Amino acid sequence: MRLAVVGATGEVGRTMVRVLQEQGVRPEVIRFFASKNSAGTTVKFFDQDVTVEELTPDWVPAGTFDYVIMSAGASVSRWFAPIAAERGATVIDNSSCWRMDPAKLLVVPEINGDLLKGYRGIIANPNCSTIQMVLGFYKVHEKFGIKTIVVSTYQAVSGAGRRGMDELLAQEQGSTECKKFAAPIFRNVVPQIDDFLPDGFTKEEMKMVNEPRKILRDDSIMSWPTTVRVPVLYGHSESVFVETREPFGTIENLLDVMRTQEHVVVSDHPVVTPAVDAAGTDTTFVSRVRSFDDRHFLQWNVADNVRVGAATNAVRILLKHAELNGIR
Ligand SMILES: NC(=O)c1ccc[n+]([C@@H]2O[C@H](COP(=O)([O-])OP(=O)(O)OC[C@H]3O[C@@H](n4cnc5c(N)ncnc54)[C@H](OP(=O)(O)O)[C@@H]3O)[C@@H](O)[C@H]2O)c1
């Protein structure tokens, strides 16, 4: 396998490099790209110091890479992902740029990884909040059908990249500067993630409306999200209310169904938190499942947003695609 990582010096990029090593992925060719600011620095990959190269429009010749995994933001993906795909690579993109393009795949491998067989081109990684939410209830959807979702998120500052984390850390030291967030994030919560739209929803919230429909292959699912930034470094949390189409019977039955989901742990512990339980892991934790009847339930879920919500999902897409298409 010949692999390029674009955005290799960022929060998601560095984590993808770490996850590749943890999963024992040893491509015969690996190259790292970033902006000119990081060009010439090195990133460790196993025992090798790989020099970071500047990504330029004058990119490598066709046929150089089997895969390009990207986490350099939507504007870089918009111009560069089609170039990489035209030059023969399968592109796995972490930005929001291609997710709702009907001609591109939007993949959580545990749910719709079957679509990767025979596919060439750009594959979008879903939004971090969407990934952990759909993993938390996918088996319930498969068995009983999900009709309505009401979700409130508690999203870590690392979701806004290195600069998001730096802003919280600086405010902890007394800074009053707010650049990444609309209000101080230290000792506060900020009910805005991404830009506001004319109808009052934010772009982040609309990702949680549209992306689950595409991943779960059901355009009738109605989602009502409120997305909120909290002063946590790593790990998003979500309070999710779900209405099912068919009755699910007892809570025990519901829990048994949820427990069949790969990479999800349904915890008996009532207090599962992002910093203590989820940060640094590749697991989505579901807890506090409760209900008053057999058609509606509440669930609390936590996952590491940079890993489960981005890097690990991207590497899982890579490995699944390679397996299904015989790429070694
Ligand atoms: N953080 C999360 O939880 C999360 C979750 C899901 C999706 N994402 C998405 O993943 C992407 C990256 O996020 P992040 O949090 O890793 O951001 P980040 O920490 O700010 O890193 C950005 C990366 O992109 C590189 N870059 C910037 N401009 C570039 C250019 N013109 N050409 C090539 N490389 C360029 C940067 O390189 P330099 O070092 O040279 O600046 C850096 O490696 C974004 O699209 C984000 O929405 C993030």
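Domain bounds, as used in these legends, come from an automatic or database domain assignment. The structure is a predicted model, in which local features need pLDDT of at least 70 and side-chain atom pairs count only at pLDDT 80 or more, while totals for chains, interfaces and linings use all residues. Residues are numbered from 1 along each chain as its sequence is written, and side-chain values use heavy atoms, with hydrogens and water left out.

**View 1. The ligand lies between two domains.** Both domain 1 (2-126 + 310-324) and domain 2 (129-304) give residues to the shell around the ligand, so the ligand lies between them. The shell holds 26 residues, and the closest are Thr9, Val12, Ser35, Ser38 and Ser158; a residue is counted as near the ligand if one of its heavy atoms lies within 4 Å of it. By kind, the shell divides into nine nonpolar, 15 polar and two charged residues, where Ala, Val, Leu, Ile, Met, Phe, Trp, Tyr, Cys and Pro count as nonpolar, Asp, Glu, Lys and Arg as charged, and the others, Gly among them, as polar. Helix 1 (11-22), helix 5 (161-172) and helix 9 (307-324) each supply at least two residues of this shell; helices (H or I, at least four residues) and strands (E, at least two) are DSSP runs, numbered from the N terminus.

View 2. An oxygen atom of the ligand lies 3.0 Å from a backbone N or O atom of glycine 10, and a polar backbone atom of glutamate 11 is 2.9 Å from an oxygen atom of the ligand. From a side chain, an N or O atom of asparagine 305 is 3.0 Å from a ligand oxygen atom. On its own the ligand has 910 Å² of accessible area, of which the protein covers 81% (Shrake-Rupley method, 1.4 Å probe).

**View 3. Helix 9 and its kink.** Helix 9 has a kink of about 35°, centred on asparagine 313, the bend at a residue being the angle between axes fitted to the seven residues ending there and the seven starting there. Just after helix 9, glycine 326 takes a positive phi of about 65°.

**View 4. Arginine 187 in a loop.** Arginine 187 is placed in the loop between helix 5 and helix 6 (203-216). Its phi is near 55°, a positive value in a residue other than glycine, and with 74% relative accessibility arginine 187 counts as exposed.

Notes: Polar contact = N/O pair within 3.5 Å; in protein donor to acceptor, adjacent residues only side chain to side chain. Buried < 20%, exposed > 50% of the residue type's maximum accessible area, 1.4 Å probe, protein only.
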